[in-house]
Amino acid sequence: GMLTVALVGGDGGSIAADHVLVAASDDPRVVKEVHVTMYHVLWELVHVFFETPGVIA
């Protein structure tokens, strides 16, 4: 019952998750920077959803 989000690089490979966010690059430095940005955006969205009454209902 848990929502899963996978942050992957390259071609994404094969992974079992509800949502897969792909940083389509073979350069690990680019993948890391994209993942850090994705993580921060997701973190902010979670906070908005939990801090705003009635949004999840």
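Let's start with L7, which counts as partly exposed because its relative accessibility is 32% (buried is under 20%, exposed over 50%, partly exposed in between, with a 1.4 Å probe and protein chains only). L7 sits in strand β1; strands are DSSP runs of E of at least two residues, helices runs of H or I of at least four, numbered from the N terminus. This is a predicted model, so local features need pLDDT of at least 70 and side-chain atom pairs pLDDT 80 or more, while totals for chains, interfaces and linings use all residues. Residues are numbered from 1 along each chain as its sequence is written, and side-chain values use heavy atoms, without hydrogens or water.

Now hop over to H35 in helix α1. With a relative accessible area of 17%, H35 is buried. Leaving aside residues up to four places away in sequence, H35 touches L7, V8, G9 and A23 (contact means heavy atoms within 4.5 Å). A polar atom of the H35 side chain also lies 3.0 Å from the backbone oxygen of V8.

Zooming out, the protein chain has one helix and two strands, in the order β-β-α along the sequence. Its radius of gyration is 14 Å, well over the 10 Å that the globule rule gives for 57 residues, so the chain is more spread out than a compact globule (the radius is taken over C-alpha atoms, and the rule is 2.2 Å times the number of residues to the power 0.38). The C-alpha atoms fill a box of roughly 40 × 25 × 10 Å along the principal axes, and buried residues make up 14% of the 57.

Conventions:
Polar contact = N/O pair within 3.5 Å; in protein donor to acceptor, adjacent residues only side chain to side chain.
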